[in-house]
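Work through the two exercises below with the sequence and the model at hand. Try each task before reading its solution.

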Amino acid sequence: MYLHLGQNEIVSGHRVIGIFDLDKCSYEKRTRDYLAAAEAEGVVLDVSGELPKSFVVCDHPYHRQIVYLSQLNTSTLKHRAESRKLEL
């Protein structure tokens, strides 16, 4: 299974750790600290092309984790992930 995050960015489904709503999660200090640390490490990739609505945390073979910022909302990403599972 592969998950299309937007802007021609596709990740392998087995690497997805979590899909998070940026508006809801950004209120929490721990989330802000996590995203700031990821940005400092250079492992945040903005694939939104506009104002991001969600972020997807993925396992990565060369880094501890990679964070993708996406313009798609969490329900769209969840729907895409679930529909791909059914096709297999």
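**Exercise 1: the neighbours of a strand**

Task: find which residue of strand 6 is the bridge partner of L45, and which strands are joined to strand 6.

Solution. The model is predicted, so local features need pLDDT of at least 70 and side-chain atom pairs count only at pLDDT 80 or more, while totals for chains, interfaces and linings use all residues. Residues are numbered from 1 along each chain as its sequence is written, and side-chain values use heavy atoms, without hydrogens and water.

Step 1. The partner of L45 in strand 6 is Y68. Strands (E, at least two residues) and helices (H or I, at least four) are DSSP runs numbered from the N terminus.

Step 2. Strand 4 (residues 44-46) runs parallel to strand 6, with three bridges. Two strands pair if DSSP finds at least two bridges between them.

Step 3. Strand 5 (residues 54-59) runs antiparallel to strand 6, with six bridges. Here C58 has I66 as its partner, and five residues separate the two strands of this hairpin.

Step 4. Six of the six residues in strand 6 (residues 65-70) are buried, meaning under 20% relative accessible area with a 1.4 Å probe, protein chains only; over 50% is exposed, and in between is partly exposed.

**Exercise 2: a salt bridge**

Task: where do E41 and R64 lie?

Solution. Step 1. E41 forms a salt bridge with R64, with closest N and O atoms 3.8 Å apart; the rule asks for a Lys or Arg side-chain nitrogen within 4 Å of an Asp or Glu carboxyl oxygen.

Step 2. E41 lies in helix 2 and R64 in the loop between strand 5 and strand 6, 23 residues apart.
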